[in-house]
Amino acid sequence: MSLIKLSHISKTFKLDTVDVNAVVDVSLAVERGEFVAIMGHSGSGKSTLMNIVGLLDRPTSGEYRLDGNVVSTSMSDGAQAKLRSGFIGFVFQNFNLLPNMTTLGNVALPAMYAKGTPTTPDPSSGRRGGANDRAKKLLEQVGLSHRLKSRPNQLSGGERQRVAIARALMNEPKVLLADEPTGNLDTKSGQEIMTILEGLNKAGMTILLVTHNDELAERTHRTVRMKDGRIIV
Ligand SMILES: Nc1ncnc2c1ncn2[C@@H]1O[C@H](COP(=O)(O)OP(=O)(O)OP(=O)(O)O)[C@@H](O)[C@H]1O
Ligand SMILES: [Mg+2]
């Protein structure tokens, strides 16, 4: 059973007078432990597809099976959010860190939203302590133990992206979705992020990586190419 199985997935955005067919009849299976690059010109539907896979958006038609579960289009937002927090880790091009929180706080945050944990936890609770311990371990894994108390604006772009990766791993996702994670980084920082992703994949993580960079795509197991919303071969 594939971890991700998309069958004839389409997504149409209805604007005032026109329909935008952002994703058109996409069928794609991703197996556990795979590292897949998604490439294609700007506007070809890569982010739209990633958002559907990541349960941030719903397809207009088609069937999506995540770990065998049919992700029904009628699933409530709450149910979908719960599924997302248990299965999916996201890394974005622009990091999406909370500016007023420390590195440690940003990484620990997803634990507060997961598994029914209250959103305003008692700071003295053991749960919060557990989350902070795990966040510290993840930050150590991405080489940022010395930046626990820094805020995002005190970090370099590469460091911010490493924080975002640690945050994405906080809830032990089954799949990591990275949408142009190196798009705002210089070559060296981009290579470092790629090396971290490779290490995670070698340890078993399934990864989908959107990139415009051929060299990075070559370091994955296979490349899926999109054009005008479709997968092309
Ligand atoms: N929320 C939306 N409402 C309307 N149209 C949208 C929306 N999101 C995306 N689109 C359109 O869908 C198409 C695919 O967009 P998408 O963001 O998936 O492309 P992309 O391949 O990720 O491009 P890029 O490489 O520039 O990030 C584009 O034509 C875009 O304008
Ligand atoms: Mg995009």
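Glu172 is exposed because 11 other C-beta atoms lie within 10 Å. Glu172 sits in the loop between helix H5 and strand S7 (175-179). Its phi is positive, about 50°, although Glu172 is not a glycine. Helices (H or I, at least four residues) and strands (E, at least two) are DSSP runs, numbered from the N terminus.

This is a predicted model, in which local features need pLDDT of at least 70 and side-chain atom pairs count only at pLDDT 80 or more, while totals for chains, interfaces and linings use all residues. Residues are numbered from 1 along each chain as its sequence is written, and chains are lettered from A and ligands numbered from 1 in the order in which they are written.

## The four-stranded sheet

One open sheet has four strands in the order S2-S1-S4-S5, with antiparallel pairing. Its edge strands, S2 and S5 (69-70), each pair on one side only. Two strands pair if DSSP finds at least two bridges between them. Strand S1 (residues 4-14) and S2 run antiparallel and are joined by eight bridges. Across this pair, Leu6 stands opposite Leu28 in S2.

Where is His8, and is it buried or exposed? His8 is in strand S1, and it counts as exposed because it has 12 C-beta neighbours inside 10 Å. The phi of His8 is near 50°, a positive value in a residue other than glycine. The loop between S1 and S2 holds Val18. Val18 is exposed because it has 8 other C-beta atoms within 10 Å. From the C-alpha atom of Val18 to that of Leu169 the separation is 39 Å, and these two residues are 151 residues apart along the chain.

Helix H1 lies across S1, S2 and strand S4 (61-66), and runs at about 60° to S2. Axes here are lines fitted to C-alpha atoms, for helices over the stretch in contact, and angles run from 0 to 180 degrees between N-to-C directions. H1 is mostly covered, with seven of its eight residues buried. The buried residues of H1 are Lys46, Ser47, Thr48, Leu49, Met50, Ile52 and Val53.

Which residues are around ligand 1? They are Phe13, Leu15, Val20, Ala22, Gly40, Ser42, Gly43, Ser44, Gly45, Lys46, Ser47 and Thr48. Strand S2 (19-30) and helix H1 (46-53) are the elements that give two or more residues to this shell. The most comes from H1, which gives three residues. A residue is near a molecule if its C-beta atom, placed from the backbone, lies within 6 Å of it. By class, the shell has four nonpolar, seven polar and one charged residues. In this count, Ala, Val, Leu, Ile, Met, Phe, Trp, Tyr, Cys and Pro are nonpolar, Asp, Glu, Lys and Arg are charged, and the others, Gly among them, are polar.

## The six-stranded sheet

Another open sheet has six strands in the order S6-S7-S8-S3-S9-S10, and its pairing is mixed. Strand S6 (88-92) and strand S10 (230-232) are the edges, each pairing on one side only. From one strand to the next, the twist averages 25°.

Strand S3 (residues 35-39) runs parallel to strand S8 (residues 206-210), and four bridges join them. Phe35 stands opposite Ile207 in S8, and Val36 stands opposite Leu208 in S8. S3 also pairs with strand S9 (residues 222-227) in the parallel sense, over four bridges. Ala37 has Thr223 as its bridge partner in S9.

## The nonpolar core

The largest nonpolar core has 57 residues, and those with the most contacts inside it are Val107, Ala135, Ala166, Leu176, Ile207 and Leu208. Helix H5 (residues 157-169) supplies the largest share of this core, six residues. A nonpolar core is a set of buried Ala, Val, Leu, Ile, Met, Phe, Trp, Tyr and Cys residues joined through C-beta atoms within 7 Å.

What does Ala135 touch? Not counting residues up to four places away in sequence, Ala135 touches Leu104, Val107, Ala108, Ala166 and Met170. Residues are in contact if their C-beta atoms, placed from the backbone, lie within 7 Å. H5 lies across S6 and S7, running at about 165° to S6.

Key. Buried ≥ 20, exposed ≤ 12 C-beta atoms within 10 Å, placed from the backbone. Contact = placed C-beta atoms within 7 Å.
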